[in-house]
Amino acid sequence: MKRTDSEVVEFIDDLLSSYDLTPNRAIFLYEHNNRIVNPNSPLIFIDYYKEDPDSWCLHFLPELVSSTAYVFGVSEDEIWECNEQVDVFLKNEDNYTFFGAREQFAFRYLGSHFAGSEDAKALIGLLFGDMSLTELVHSGLPLRYDYSTVPARLYDSLKKVNKEVPGVFHEGEKIVNLNVTTEHFISYPRFREYLLAFLKIARRIEDLFYKQLNSPLSPEEEREYNFYVLALDVRPVVMGSMNATTKVVSSLKSIYKEHHFDEITSYLRFDFWKAHLAEPWRCIEFTEDFDLAQQFFNYVPEAKAHFRNFSFASKHFICEYNWSDSINTSLDGEPERESFAIEKTESELEDDIEYSLRLSRMASPPKLGGIVVKEPEGRVFARNNPGLGPIALMANFEGGTAP
Amino acid sequence: MSELDLALCAGKRLRQLINENYSSQEEFAYDYGLEIRTVSRYINNGINKVNIIQELSEFFCVPFTSFFSTN
(Lines give C-alpha, C1' and ligand atoms only; values in the text may rest on other atoms or scores of the structure.)
Protein backbone atom coordinates (compact mmCIF):
# COMPACT_ATOMS: atom_id res chain seq x y z
CA MET A 1 0.00 0.00 0.00
CA LYS A 2 1.31 3.41 -0.96
CA ARG A 3 2.01 5.54 2.09
CA THR A 4 2.02 9.31 2.30
CA ASP A 5 5.32 11.08 2.84
CA SER A 6 4.22 12.19 6.30
CA GLU A 7 3.41 8.60 7.26
CA VAL A 8 6.85 7.50 6.12
CA VAL A 9 8.55 10.22 8.16
CA GLU A 10 6.50 9.28 11.22
CA PHE A 11 7.33 5.60 10.72
CA ILE A 12 11.06 6.35 10.47
CA ASP A 13 10.94 8.61 13.50
CA ASP A 14 9.25 5.90 15.60
CA LEU A 15 11.60 3.21 14.33
CA LEU A 16 14.74 5.21 15.08
CA SER A 17 13.56 6.42 18.48
CA SER A 18 13.09 2.79 19.59
CA TYR A 19 16.86 2.59 19.44
CA ASP A 20 17.51 6.09 20.75
CA LEU A 21 18.52 7.24 17.29
CA THR A 22 17.20 10.35 15.56
CA PRO A 23 16.84 11.07 11.85
CA ASN A 24 19.78 13.44 12.23
CA ARG A 25 22.02 10.72 13.59
CA ALA A 26 20.88 8.14 11.05
CA ILE A 27 21.68 10.50 8.20
CA PHE A 28 24.94 11.46 9.86
CA LEU A 29 25.98 7.81 9.96
CA TYR A 30 24.86 7.34 6.38
CA GLU A 31 26.90 10.23 5.13
CA HIS A 32 29.76 9.35 7.42
CA ASN A 33 30.11 6.07 5.60
CA ASN A 34 30.15 7.75 2.19
CA ARG A 35 26.87 6.19 1.15
CA ILE A 36 25.35 9.32 -0.28
CA VAL A 37 24.74 8.69 -3.97
CA ASN A 38 24.86 12.30 -5.01
CA PRO A 39 28.03 14.10 -3.84
CA ASN A 40 26.23 17.43 -4.22
CA SER A 41 23.42 16.34 -1.90
CA PRO A 42 22.00 19.19 0.18
CA LEU A 43 22.34 16.85 3.17
CA ILE A 44 25.91 17.97 3.50
CA PHE A 45 24.70 21.37 4.65
CA ILE A 46 22.24 20.14 7.26
CA ASP A 47 22.84 21.14 10.83
CA TYR A 48 22.86 17.61 12.18
CA TYR A 49 22.26 18.64 15.74
CA LYS A 50 19.15 20.69 15.05
CA GLU A 51 16.27 18.66 16.45
CA ASP A 52 13.49 19.70 14.12
CA PRO A 53 12.82 16.67 11.93
CA ASP A 54 9.36 17.80 10.83
CA SER A 55 10.67 20.84 9.03
CA TRP A 56 13.32 19.15 6.91
CA CYS A 57 12.65 15.38 6.92
CA LEU A 58 10.02 15.68 4.22
CA HIS A 59 12.37 17.69 2.06
CA PHE A 60 15.08 15.02 2.29
CA LEU A 61 12.80 12.00 2.39
CA PRO A 62 14.59 9.86 -0.26
CA GLU A 63 17.91 10.31 1.57
CA LEU A 64 16.23 9.68 4.91
CA VAL A 65 14.70 6.43 3.65
CA SER A 66 18.04 5.32 2.18
CA SER A 67 19.92 6.09 5.37
CA THR A 68 17.35 4.37 7.60
CA ALA A 69 17.36 1.26 5.38
CA TYR A 70 21.16 1.24 5.57
CA VAL A 71 21.28 1.70 9.34
CA PHE A 72 18.92 -1.21 9.94
CA GLY A 73 20.16 -3.39 7.10
CA VAL A 74 16.71 -3.69 5.43
CA SER A 75 15.43 -2.78 1.98
CA GLU A 76 14.28 0.72 1.08
CA ASP A 77 10.92 -0.71 -0.04
CA GLU A 78 10.23 -1.92 3.48
CA ILE A 79 10.74 1.61 4.76
CA TRP A 80 8.64 3.23 2.00
CA GLU A 81 5.85 0.77 2.80
CA CYS A 82 6.13 1.42 6.54
CA ASN A 83 6.45 -2.29 7.16
CA GLU A 84 5.82 -2.68 10.90
CA GLN A 85 7.44 -6.10 10.76
CA VAL A 86 10.82 -4.42 10.25
CA ASP A 87 10.85 -3.25 13.84
CA VAL A 88 9.39 -6.44 15.30
CA PHE A 89 11.92 -8.45 13.33
CA LEU A 90 14.85 -6.43 14.62
CA LYS A 91 13.79 -6.63 18.24
CA ASN A 92 13.15 -10.37 18.10
CA GLU A 93 16.38 -11.18 16.43
CA ASP A 94 19.03 -12.36 18.90
CA ASN A 95 21.37 -9.44 18.37
CA TYR A 96 18.67 -6.88 19.08
CA THR A 97 17.12 -8.37 22.23
CA PHE A 98 18.73 -5.64 24.30
CA PHE A 99 16.71 -2.84 22.73
CA GLY A 100 13.32 -4.46 23.24
CA ALA A 101 14.18 -5.36 26.83
CA ARG A 102 15.45 -1.84 27.53
CA GLU A 103 12.21 -0.30 26.33
CA GLN A 104 10.18 -2.45 28.74
CA PHE A 105 12.60 -1.65 31.56
CA ALA A 106 12.28 2.12 31.05
CA PHE A 107 8.49 1.76 30.93
CA ARG A 108 8.43 -0.06 34.28
CA TYR A 109 10.69 2.48 35.89
CA LEU A 110 8.33 5.34 35.10
CA GLY A 111 5.82 3.93 37.57
CA SER A 112 8.24 3.36 40.44
CA HIS A 113 7.23 6.45 42.47
CA PHE A 114 3.63 5.26 42.74
CA ALA A 115 1.73 2.90 45.01
CA GLY A 116 -0.49 0.03 43.89
CA SER A 117 -0.24 -3.09 41.78
CA GLU A 118 2.48 -3.41 39.12
CA ASP A 119 -0.07 -2.80 36.35
CA ALA A 120 -1.58 0.24 38.08
CA LYS A 121 1.88 1.71 38.72
CA ALA A 122 2.88 1.22 35.10
CA LEU A 123 -0.30 2.91 33.87
CA ILE A 124 0.02 5.90 36.22
CA GLY A 125 3.72 6.08 35.37
CA LEU A 126 2.93 6.27 31.68
CA LEU A 127 0.56 9.18 32.27
CA PHE A 128 2.44 11.08 34.98
CA GLY A 129 5.95 9.59 35.15
CA ASP A 130 7.64 12.70 33.78
CA MET A 131 6.43 14.96 36.61
CA SER A 132 8.94 16.00 39.27
CA LEU A 133 8.54 14.57 42.75
CA THR A 134 7.56 17.98 44.10
CA GLU A 135 4.76 18.17 41.52
CA LEU A 136 3.67 14.62 42.31
CA VAL A 137 3.43 15.30 46.05
CA HIS A 138 0.87 18.03 45.31
CA SER A 139 -0.92 16.04 42.62
CA GLY A 140 -3.04 13.82 44.87
CA LEU A 141 -1.85 10.71 42.99
CA PRO A 142 -1.20 7.55 45.06
CA LEU A 143 2.51 7.64 45.95
CA ARG A 144 4.66 4.97 47.54
CA TYR A 145 5.83 7.19 50.42
CA ASP A 146 4.07 9.63 52.70
CA TYR A 147 6.21 12.73 52.17
CA SER A 148 4.22 14.82 54.67
CA THR A 149 6.35 13.46 57.53
CA VAL A 150 9.68 14.45 55.94
CA PRO A 151 9.83 18.16 56.99
CA ALA A 152 9.39 17.32 60.70
CA ARG A 153 11.92 14.48 60.49
CA LEU A 154 14.41 16.78 58.78
CA TYR A 155 13.96 19.38 61.51
CA ASP A 156 14.49 16.78 64.27
CA SER A 157 17.49 15.19 62.55
CA LEU A 158 19.25 18.52 62.06
CA LYS A 159 18.65 19.41 65.69
CA LYS A 160 20.26 16.11 66.72
CA VAL A 161 23.25 16.42 64.37
CA ASN A 162 23.81 19.97 65.60
CA LYS A 163 25.34 18.46 68.75
CA GLU A 164 28.24 17.08 66.66
CA VAL A 165 28.26 19.79 64.01
CA PRO A 166 27.22 23.14 65.49
CA GLY A 167 25.61 25.47 62.97
CA VAL A 168 23.67 22.80 61.09
CA PHE A 169 20.48 23.67 63.02
CA HIS A 170 19.22 27.27 63.18
CA GLU A 171 17.31 27.65 66.45
CA GLY A 172 14.01 29.51 66.09
CA GLU A 173 14.21 29.59 62.28
CA LYS A 174 12.10 27.79 59.65
CA ILE A 175 13.11 25.40 56.89
CA VAL A 176 11.98 26.92 53.60
CA ASN A 177 12.07 26.02 49.89
CA LEU A 178 12.30 22.34 50.77
CA ASN A 179 12.77 19.97 47.83
CA VAL A 180 12.79 16.21 48.44
CA THR A 181 14.08 13.51 46.09
CA THR A 182 14.58 9.78 46.43
CA GLU A 183 15.07 6.63 44.35
CA HIS A 184 13.23 3.30 44.16
CA PHE A 185 13.96 -0.25 43.20
CA ILE A 186 11.90 -2.00 40.60
CA SER A 187 11.55 -5.66 39.79
CA TYR A 188 12.17 -6.59 36.18
CA PRO A 189 11.76 -10.28 35.32
CA ARG A 190 13.71 -9.91 32.05
CA PHE A 191 16.67 -8.31 33.85
CA ARG A 192 19.14 -11.14 33.31
CA GLU A 193 18.27 -11.42 29.64
CA TYR A 194 18.62 -7.63 29.34
CA LEU A 195 22.08 -7.46 30.91
CA LEU A 196 23.39 -10.51 29.06
CA ALA A 197 22.17 -8.95 25.80
CA PHE A 198 24.10 -5.77 26.64
CA LEU A 199 27.26 -7.77 27.36
CA LYS A 200 26.86 -9.62 24.08
CA ILE A 201 26.72 -6.31 22.18
CA ALA A 202 29.63 -4.86 24.17
CA ARG A 203 31.80 -7.89 23.35
CA ARG A 204 30.82 -7.67 19.68
CA ILE A 205 31.79 -3.98 19.62
CA GLU A 206 35.10 -4.87 21.31
CA ASP A 207 35.86 -7.63 18.78
CA LEU A 208 35.01 -5.47 15.76
CA PHE A 209 36.92 -2.51 17.19
CA TYR A 210 40.16 -4.50 17.50
CA LYS A 211 39.59 -6.22 14.16
CA GLN A 212 39.37 -2.93 12.26
CA LEU A 213 42.70 -1.75 13.68
CA ASN A 214 44.38 -4.46 11.61
CA SER A 215 42.09 -5.11 8.65
CA PRO A 216 39.00 -3.59 7.05
CA LEU A 217 35.61 -4.84 8.24
CA SER A 218 33.20 -6.44 5.78
CA PRO A 219 30.29 -4.17 4.74
CA GLU A 220 27.89 -6.05 7.05
CA GLU A 221 30.34 -5.94 9.96
CA GLU A 222 30.79 -2.22 9.36
CA ARG A 223 27.02 -1.65 9.38
CA GLU A 224 26.55 -3.75 12.50
CA TYR A 225 29.41 -2.06 14.37
CA ASN A 226 28.25 1.45 13.44
CA PHE A 227 24.67 0.69 14.45
CA TYR A 228 25.77 -0.51 17.88
CA VAL A 229 28.11 2.38 18.64
CA LEU A 230 25.41 4.87 17.69
CA ALA A 231 22.58 3.15 19.54
CA LEU A 232 24.71 2.70 22.68
CA ASP A 233 26.39 6.09 22.30
CA VAL A 234 29.92 4.63 22.38
CA ARG A 235 32.61 7.30 22.00
CA PRO A 236 36.40 7.28 21.66
CA VAL A 237 38.02 8.22 24.95
CA VAL A 238 40.26 10.71 23.15
CA MET A 239 37.42 12.30 21.15
CA GLY A 240 34.36 12.57 23.36
CA SER A 241 32.36 14.73 20.96
CA MET A 242 31.98 11.95 18.34
CA ASN A 243 30.62 8.44 18.26
CA ALA A 244 33.28 5.80 17.63
CA THR A 245 32.13 4.94 14.10
CA THR A 246 34.45 3.11 11.72
CA LYS A 247 35.47 6.35 10.09
CA VAL A 248 36.39 7.97 13.41
CA VAL A 249 38.32 4.88 14.53
CA SER A 250 40.17 4.93 11.23
CA SER A 251 41.24 8.53 11.80
CA LEU A 252 42.57 7.60 15.26
CA LYS A 253 44.28 4.39 14.19
CA SER A 254 47.81 5.81 14.36
CA ILE A 255 47.29 6.93 17.97
CA TYR A 256 45.81 3.57 18.91
CA LYS A 257 48.70 1.67 17.35
CA GLU A 258 51.30 3.86 19.02
CA HIS A 259 49.89 3.30 22.52
CA HIS A 260 48.78 -0.20 23.33
CA PHE A 261 46.55 -0.87 26.34
CA ASP A 262 44.98 -4.14 27.36
CA GLU A 263 41.42 -3.13 28.17
CA ILE A 264 38.84 -1.75 25.75
CA THR A 265 37.89 1.03 28.21
CA SER A 266 41.23 2.70 27.44
CA TYR A 267 39.95 3.22 23.88
CA LEU A 268 36.15 3.34 24.01
CA ARG A 269 33.69 4.79 26.48
CA PHE A 270 30.40 2.95 26.88
CA ASP A 271 27.96 5.55 28.06
CA PHE A 272 24.56 3.97 27.75
CA TRP A 273 23.38 4.41 31.34
CA LYS A 274 23.44 8.18 30.98
CA ALA A 275 21.60 8.37 27.68
CA HIS A 276 18.88 5.85 28.29
CA LEU A 277 17.97 5.91 31.98
CA ALA A 278 17.91 2.13 31.92
CA GLU A 279 20.36 1.81 34.79
CA PRO A 280 20.52 -1.88 35.71
CA TRP A 281 21.16 -1.22 39.41
CA ARG A 282 17.58 0.05 39.72
CA CYS A 283 16.46 -3.59 39.48
CA ILE A 284 16.32 -5.75 42.57
CA GLU A 285 17.60 -8.59 40.39
CA PHE A 286 20.89 -6.70 39.94
CA THR A 287 21.87 -7.49 43.54
CA GLU A 288 21.32 -11.22 43.08
CA ASP A 289 24.29 -11.94 40.80
CA PHE A 290 27.51 -10.19 41.81
CA ASP A 291 29.56 -11.78 39.00
CA LEU A 292 27.17 -10.59 36.31
CA ALA A 293 27.19 -7.09 37.80
CA GLN A 294 31.00 -7.16 37.84
CA GLN A 295 31.06 -8.07 34.14
CA PHE A 296 28.84 -5.07 33.41
CA PHE A 297 31.14 -2.68 35.29
CA ASN A 298 34.18 -4.03 33.43
CA TYR A 299 32.72 -2.23 30.39
CA VAL A 300 31.32 0.82 32.19
CA PRO A 301 33.64 1.37 35.20
CA GLU A 302 32.69 5.02 35.53
CA ALA A 303 29.09 4.02 36.20
CA LYS A 304 30.01 2.84 39.70
CA ALA A 305 29.76 6.42 40.95
CA HIS A 306 26.22 6.71 39.55
CA PHE A 307 25.33 3.36 41.04
CA ARG A 308 26.67 4.49 44.43
CA ASN A 309 24.56 7.65 44.23
CA PHE A 310 21.49 5.56 43.48
CA SER A 311 22.27 3.19 46.35
CA PHE A 312 22.45 6.11 48.78
CA ALA A 313 19.31 7.79 47.45
CA SER A 314 17.32 4.54 47.60
CA LYS A 315 17.86 4.43 51.37
CA HIS A 316 17.22 8.11 52.02
CA PHE A 317 15.05 11.12 51.35
CA ILE A 318 17.50 13.70 50.03
CA CYS A 319 16.37 17.12 51.27
CA GLU A 320 17.52 20.41 49.77
CA TYR A 321 16.42 23.51 51.61
CA ASN A 322 17.25 26.92 53.02
CA TRP A 323 16.98 28.26 56.56
CA SER A 324 14.71 31.28 56.79
CA ASP A 325 17.46 33.46 58.28
CA SER A 326 19.75 32.65 55.31
CA ILE A 327 17.07 33.97 52.96
CA ASN A 328 16.73 37.15 54.98
CA THR A 329 20.44 37.82 55.33
CA SER A 330 21.63 36.82 51.87
CA LEU A 331 23.12 39.86 50.16
CA ASP A 332 23.78 38.39 46.74
CA GLY A 333 20.46 36.95 45.60
CA GLU A 334 19.77 33.24 46.13
CA PRO A 335 21.52 31.79 49.18
CA GLU A 336 23.41 28.51 48.79
CA ARG A 337 21.17 25.45 49.18
CA GLU A 338 21.73 23.14 52.14
CA SER A 339 21.44 19.40 51.71
CA PHE A 340 20.77 16.64 54.22
CA ALA A 341 19.68 13.00 53.86
CA ILE A 342 16.95 11.49 56.06
CA GLU A 343 17.14 7.71 56.43
CA LYS A 344 14.05 5.81 55.37
CA THR A 345 12.50 3.72 58.13
CA GLU A 346 12.27 -0.07 57.95
CA SER A 347 8.55 0.15 57.24
CA GLU A 348 9.20 2.59 54.39
CA LEU A 349 11.80 0.31 52.84
CA GLU A 350 9.45 -2.67 53.29
CA ASP A 351 10.67 -5.59 51.18
CA ASP A 352 13.56 -3.54 49.78
CA ILE A 353 15.70 -3.78 52.94
CA GLU A 354 17.51 -6.89 51.77
CA TYR A 355 18.23 -5.45 48.30
CA SER A 356 19.21 -2.14 49.77
CA LEU A 357 21.80 -3.72 52.08
CA ARG A 358 23.22 -5.83 49.25
CA LEU A 359 23.40 -2.83 46.96
CA SER A 360 25.21 -0.74 49.60
CA ARG A 361 27.78 -3.48 49.94
CA MET A 362 28.26 -3.68 46.17
CA ALA A 363 28.73 0.11 46.04
CA SER A 364 31.35 0.12 48.82
CA PRO A 365 35.17 -0.09 48.40
CA PRO A 366 36.42 -3.43 46.97
CA LYS A 367 38.11 -4.23 50.30
CA LEU A 368 34.68 -4.14 51.93
CA GLY A 369 33.09 -6.41 49.33
CA GLY A 370 32.27 -3.82 46.68
CA ILE A 371 32.40 -4.04 42.91
CA VAL A 372 35.95 -3.60 41.55
CA VAL A 373 36.41 -0.86 38.99
CA LYS A 374 39.83 -0.33 37.53
CA GLU A 375 40.86 3.03 36.15
CA PRO A 376 41.68 2.37 32.48
CA GLU A 377 45.43 2.13 31.86
CA GLY A 378 45.10 4.73 29.15
CA ARG A 379 43.82 7.33 31.62
CA VAL A 380 46.60 6.58 34.09
CA PHE A 381 49.21 6.74 31.33
CA ALA A 382 47.81 10.04 30.05
CA ARG A 383 47.75 11.58 33.51
CA ASN A 384 51.39 10.67 34.02
CA ASN A 385 52.41 11.89 30.55
CA PRO A 386 50.59 15.19 30.03
CA GLY A 387 52.79 16.24 27.10
CA LEU A 388 51.75 13.46 24.74
CA GLY A 389 49.19 15.31 22.61
CA PRO A 390 45.84 13.65 21.87
CA ILE A 391 46.49 10.73 24.19
CA ALA A 392 46.76 13.20 27.07
CA LEU A 393 43.09 14.03 26.55
CA MET A 394 42.26 10.77 28.25
CA ALA A 395 43.29 12.16 31.61
CA ASN A 396 40.96 15.12 31.37
CA PHE A 397 38.22 13.58 29.32
CA GLU A 398 35.03 15.48 30.00
CA GLY A 399 32.54 13.45 31.98
CA GLY A 400 35.21 11.03 33.09
CA THR A 401 33.93 11.15 36.61
CA ALA A 402 30.54 11.67 38.18
CA PRO A 403 29.47 15.18 39.19
CA MET B 1 35.58 22.72 68.14
CA SER B 2 35.09 25.49 65.60
CA GLU B 3 33.48 24.84 62.19
CA LEU B 4 36.94 24.96 60.59
CA ASP B 5 38.34 22.44 63.08
CA LEU B 6 35.41 20.11 62.39
CA ALA B 7 35.95 20.36 58.64
CA LEU B 8 39.67 19.62 59.01
CA CYS B 9 38.90 16.73 61.34
CA ALA B 10 36.57 15.24 58.68
CA GLY B 11 39.29 15.64 56.04
CA LYS B 12 41.78 13.86 58.28
CA ARG B 13 39.33 11.01 58.80
CA LEU B 14 38.83 10.70 55.05
CA ARG B 15 42.59 10.39 54.54
CA GLN B 16 42.66 7.63 57.15
CA LEU B 17 39.79 5.74 55.47
CA ILE B 18 41.43 6.04 52.05
CA ASN B 19 44.70 4.67 53.44
CA GLU B 20 42.87 1.74 55.01
CA ASN B 21 40.92 0.82 51.86
CA TYR B 22 42.93 1.93 48.82
CA SER B 23 46.50 1.91 47.60
CA SER B 24 46.32 5.56 46.49
CA GLN B 25 44.10 8.64 46.52
CA GLU B 26 43.80 8.32 42.73
CA GLU B 27 42.36 4.84 43.11
CA PHE B 28 39.79 6.10 45.59
CA ALA B 29 38.94 9.10 43.39
CA TYR B 30 38.13 6.86 40.43
CA ASP B 31 36.15 4.34 42.47
CA TYR B 32 34.11 7.03 44.22
CA GLY B 33 33.70 9.25 41.15
CA LEU B 34 35.50 12.40 42.21
CA GLU B 35 38.18 14.49 40.55
CA ILE B 36 41.57 13.93 42.16
CA ARG B 37 41.85 17.63 42.96
CA THR B 38 38.55 17.46 44.87
CA VAL B 39 39.87 14.60 47.00
CA SER B 40 43.04 16.61 47.71
CA ARG B 41 40.92 19.61 48.65
CA TYR B 42 38.80 17.58 51.07
CA ILE B 43 41.89 16.13 52.71
CA ASN B 44 43.93 19.32 52.94
CA ASN B 45 41.26 22.01 53.38
CA GLY B 46 38.62 19.90 55.13
CA ILE B 47 35.02 18.94 54.37
CA ASN B 48 32.48 21.58 55.36
CA LYS B 49 29.30 19.99 53.95
CA VAL B 50 27.32 17.63 56.15
CA ASN B 51 25.72 15.82 53.20
CA ILE B 52 29.14 14.95 51.74
CA ILE B 53 30.14 13.41 55.06
CA GLN B 54 26.85 11.48 55.19
CA GLU B 55 27.61 9.91 51.81
CA LEU B 56 31.23 9.13 52.71
CA SER B 57 30.20 7.48 55.98
CA GLU B 58 27.69 5.30 54.10
CA PHE B 59 30.30 4.39 51.47
CA PHE B 60 32.98 3.39 54.00
CA CYS B 61 30.41 1.75 56.30
CA VAL B 62 31.50 3.84 59.31
CA PRO B 63 29.39 5.98 61.69
CA PHE B 64 28.78 9.59 60.66
CA THR B 65 30.10 10.73 64.04
CA SER B 66 33.48 9.05 63.41
CA PHE B 67 34.32 11.95 61.07
CA PHE B 68 34.33 14.31 64.05
CA SER B 69 36.29 12.20 66.48
CA THR B 70 39.78 13.51 67.25
CA ASN B 71 41.11 10.00 68.02
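View 1. A salt bridge here is a side-chain nitrogen of Lys or Arg within 4 Å of a carboxyl oxygen of Asp or Glu. Side chains of opposite charge can pair when their charged atoms come close. Between chain B and chain A, the rule finds 4 salt bridges. Over all chains, the count is 19 salt bridges.

The model is predicted: local features need pLDDT of at least 70, side-chain atom pairs count only at pLDDT 80 or more, and totals for chains, interfaces and linings use all residues. Residues are numbered from 1 along each chain as its sequence is written, chains are lettered from A and ligands numbered from 1 in the order in which they are written, and side-chain values use heavy atoms, with hydrogens and water left out.

**View 2. A salt bridge joins Arg308(A) to Glu55(B).** The N to O distance is 3.3 Å. This pair crosses between chains. Arg308(A) lies in helix α16 (residues 303-315) of chain A, and Glu55(B) lies in helix α4 (residues 50-59) of chain B. Helices (H or I, at least four residues) and strands (E, at least two) are DSSP runs, numbered from the N terminus. Glu55(B) is partly exposed, with a relative accessible area of 22%. The cut-offs are these: buried means under 20% relative accessible area, exposed over 50%, partly exposed in between (1.4 Å probe, protein chains only).

**View 3. Chain B meets chain A.** On one side are 25 residues of chain B, in contact with 36 residues of chain A. Contact means heavy atoms within 4.5 Å. The size of an interface is often given as the accessible area lost when the parts come together. Here the buried area is about 2500 Å², and carbon and sulfur atoms give 58% of it. Buried area is the accessible area (1.4 Å probe) that two parts lose on being put together, summed over both. Which three residues supply more than any other three of the area that chain B buries against chain A? They are Tyr30(B), Asp31(B) and Glu58(B), with 28%.

**View 4. Helices of chain B face chain A.** There are 8 residue pairs in polar contact between chain B and chain A (both at pLDDT 80 or more). A polar contact is a pair of N or O atoms within 3.5 Å; within protein, one must be able to donate a hydrogen and the other to accept it, and residues adjacent in sequence count only if both atoms are side-chain atoms. On the side of chain B that touches chain A, α1 (3-21), α2 (25-32) and α4 each supply at least two residues. The largest share, 6 residues, comes from α4(B). By class, this side has 12 nonpolar, 5 polar and 8 charged residues. Ala, Val, Leu, Ile, Met, Phe, Trp, Tyr, Cys and Pro count as nonpolar, Asp, Glu, Lys and Arg as charged, and the others, Gly among them, as polar.

**View 5. Lys374(A) forms salt bridges with Glu263(A) and Glu377(A).** The N to O distance to Glu263(A) is 3.3 Å. That pair links distant parts of the chain, 111 residues apart. Lys374(A) sits in the loop between α19 (353-363) and α20 (377-384) of chain A. Glu263(A) sits in the loop between α13 (246-258) and β3 (268-269) of chain A. Lys374(A) counts as exposed, at 52% relative accessibility. Glu263(A), in contrast, is buried at 17%. For Glu377(A) and Lys374(A), the closest N and O atoms are 4.0 Å apart. Glu377(A) is partly exposed, at 29% relative accessibility.

**View 6. Helix α7 (residues 97-110) of chain A has 14 residues.** From first C-alpha to last, helix α7 reaches 21 Å, close to the 20 Å expected at 1.5 Å a residue. The expected span is 1.5 Å times one less than the number of residues. Among the buried residues of α7(A) are Phe98(A), Arg102(A), Phe105(A) and Tyr109(A). His113(A) is found in the loop between α7 and α8 (118-128) of chain A. At 16% relative accessibility, His113(A) is buried.

**View 7. Ser66(A) makes a polar contact with Glu76(A).** Their side chains are joined at 3.2 Å. Ser66(A) is in helix α4 (residues 61-72) of chain A. This serine is buried, at 13% relative accessibility.
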